[in-house]
Amino acid sequence: MTNGTTSENDTYELSGNDLKIKNEDDEVIMRAKLADDRKSFKVKSIAGDIFGILKNIEFTRQS
């Protein structure tokens, strides 16, 4: 979701352990660091998160 709207056209780019999620306008809306085991990633920045509330939240893959 970006600016209150959802899109099915977002894309991601993975370079080493650096993850970028881009919206349909090719703007980076989230940056994250993928764990070495590739089972989780930690948010480094999210567009619109001016207070840094979401920084360092970790998302983990469920088995």
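A nonpolar patch on the surface is formed by Ile 50, Phe 51, Ile 53, Leu 54, Ile 57 and Phe 59, which together have about 660 Å² of accessible area. Patches are made of residues with over 30% relative accessible area and no salt bridge, like charges being joined within 9 Å and nonpolar side chains (Val, Leu, Ile, Met, Phe, Trp, Tyr) within 5 Å; a salt bridge is a side-chain nitrogen of Lys or Arg within 4 Å of a carboxyl oxygen of Asp or Glu. Accessible areas come from the Shrake-Rupley method with a 1.4 Å probe, and for residues only the protein chains shown count as cover.

The model is predicted, so that local features need pLDDT of at least 70 and side-chain atom pairs count only at pLDDT 80 or more, whereas totals for chains, interfaces and linings use all residues. Residues are numbered from 1 along each chain as its sequence is written, and side-chain values use heavy atoms, with hydrogens and water left out.

The chain contains zero helices and five strands (DSSP runs numbered from the N terminus, H or I of at least four residues for helices and E of at least two for strands). Of its 63 residues, 17% count as buried, that is, under 20% relative accessible area, with exposed meaning over 50% and partly exposed in between (1.4 Å probe, protein chains only). The accessible surface of the chain comes to about 5,100 Å², of which carbon and sulfur atoms hold 47%.

Strand 2 (residues 18-22) and strand 3 (residues 28-34) run antiparallel and are joined by five bridges, where pairing requires that DSSP finds at least two bridges between two strands. Within this pair, Ile 21 has Met 30 of strand 3 as its bridge partner, and in the hairpin, which has five residues between the strands, Asp 26 takes a positive phi near 70 degrees. Strand 3 is also joined to strand 4 by five bridges, again in an antiparallel arrangement, with Phe 41 in strand 4 as the bridge partner of Leu 34. Five residues lie between strand 3 and strand 4 in their hairpin, and Arg 38 in the turn has a positive phi of about 60 degrees.

Ile 46 lies in strand 4 (residues 40-46) and counts as partly exposed because its relative accessibility is 25%. Leaving aside residues up to four places away in sequence, Ile 46 touches Ile 29, Met 30 and Leu 54, a contact meaning heavy atoms within 4.5 Å. Ile 46 and Ile 29 are 17 residues apart in sequence, with 5.6 Å between their C-alpha atoms. Phe 59, a member of the nonpolar patch, is found in strand 5 (residues 58-60) and, at 42% relative accessibility, counts as partly exposed.
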